[in-house]
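Work through these exercises with the structure in view. Try each task before you read its solution.

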Amino acid sequence: MSWVYLILAGLIEIVRVVGLRKVSEKGSWFTYIILIGGFIISLSLLRMSLEQIPLSVAYAVWTGIGTVGATVIGILFYKESKSPL
């Protein structure tokens, strides 16, 4: 079950990053709720996963899912550059 929590935490981290983008575009109450709610839920799920998974592994997976997911969302929905430069 810890791996399920960890994967969900990573997916919610993507939601939080999208919320951060929305807050920077237009800071409405809804966008702040997405940002703060995503942060709380993601960290809570990460904490629950740490009961069985070592911190070094859990943090690497969590940040990896968030980084890859945010990159893909940025390219697909926000027309960000695919170039590493």
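**Exercise 1. Is Glu 80 buried, partly exposed or exposed, and which salt bridge does Glu 80 form?**

Step 1. This is a predicted model. Glu 80 has a relative accessibility of 36%. Buried means under 20% and exposed means over 50%, so Glu 80 counts as partly exposed.

Step 2. Now find the partner. Glu 80 forms a salt bridge with Arg 21. The closest N and O atoms are 2.7 Å apart.

Step 3. Glu 80 lies in the segment after helix 3, and Arg 21 lies in helix 1. The pair therefore ties together parts that are 59 residues apart in sequence.

Step 4. Look for shared partners. Salt bridges join Arg 21, Glu 25 and Glu 80 into one network.

**Exercise 2. Describe the salt bridge between Arg 21 and Glu 25.**

Step 1. Start with the distance. The closest N and O atoms of Arg 21 and Glu 25 are 3.0 Å apart.

Step 2. Check the spacing. Both residues are in helix 1, four residues apart. Because of this, about one helical turn separates them.

Step 3. Arg 21 has a relative accessible area of 28% and is partly exposed. Glu 25 is partly exposed too, with 45%.

**Exercise 3. Which residue forms a salt bridge with Glu 13, and what else does Glu 13 touch?**

Step 1. Count the salt bridges. The structure holds four. One of them joins Glu 13 to Arg 16, with the closest N and O atoms 2.7 Å apart.

Step 2. Check the spacing. Glu 13 and Arg 16 are three residues apart in helix 1, so about one helical turn lies between them.

Step 3. Glu 13 has a relative accessible area of 10%, so Glu 13 is buried. Arg 16 counts as buried at 16% relative accessibility.

Step 4. List the contacts. Leave out residues up to four places away in sequence. Glu 13 then touches Ser 42, Trp 62 and Gly 66.

**Exercise 4. Which residues make up the largest nonpolar core?**

Step 1. Name the members. The core has seven residues: Leu 6, Ala 9, Leu 45, Leu 46, Ile 53, Ala 58 and Trp 62.

Step 2. Trace them to the helices. Helix 1 (2–25), helix 2 (29–49) and helix 3 (55–77) each supply at least two residues of this core.

Step 3. Take one member, Ile 53. Set aside its neighbours within four places in sequence. Ile 53 is in contact with Ser 2, Trp 3, Leu 6 and Ala 58.

**Exercise 5. How many aromatic pairs does a search of the whole structure find?**

Step 1. The search finds one. Tyr 59 and Trp 62 form this pair.

Step 2. Describe the geometry. The centres are 5.8 Å apart, and the planes make an angle of 50°. The pair is tilted.

Step 3. Tyr 59 counts as partly exposed at 45%, whereas Trp 62 is buried at 9%.

**Exercise 6. Which residues make the nonpolar surface patch of about 470 Å²?**

Step 1. Name them. The patch is made by Met 1, Val 4, Ile 7, Leu 8 and Leu 11.

Step 2. Look at Met 1. This residue lies in the segment before helix 1. Its relative accessibility is 66%, so Met 1 counts as exposed.

How values were computed. Residues numbered from 1 in each chain as written. Predicted model: local features only at pLDDT ≥ 70, side-chain atom pairs only at ≥ 80, totals over all residues. Heavy atoms only, no water. Core = buried A, V, L, I, M, F, W, Y, C linked by side-chain atoms within 4.5 Å. Buried < 20%, exposed > 50% of the residue type's maximum accessible area, 1.4 Å probe, protein only. Contact = heavy atoms within 4.5 Å. Patch = residues over 30% accessible without salt bridge, like charges linked within 9 Å, V, L, I, M, F, W, Y side chains within 5 Å. Areas by Shrake-Rupley, 256 points an atom, 1.4 Å probe, with all protein chains shown as cover. Salt bridge = Lys/Arg side-chain N within 4 Å of Asp/Glu carboxyl O. Phe/Tyr/Trp six-rings, centres within 6.5 Å; stacked < 30°, edge-to-face > 60°.
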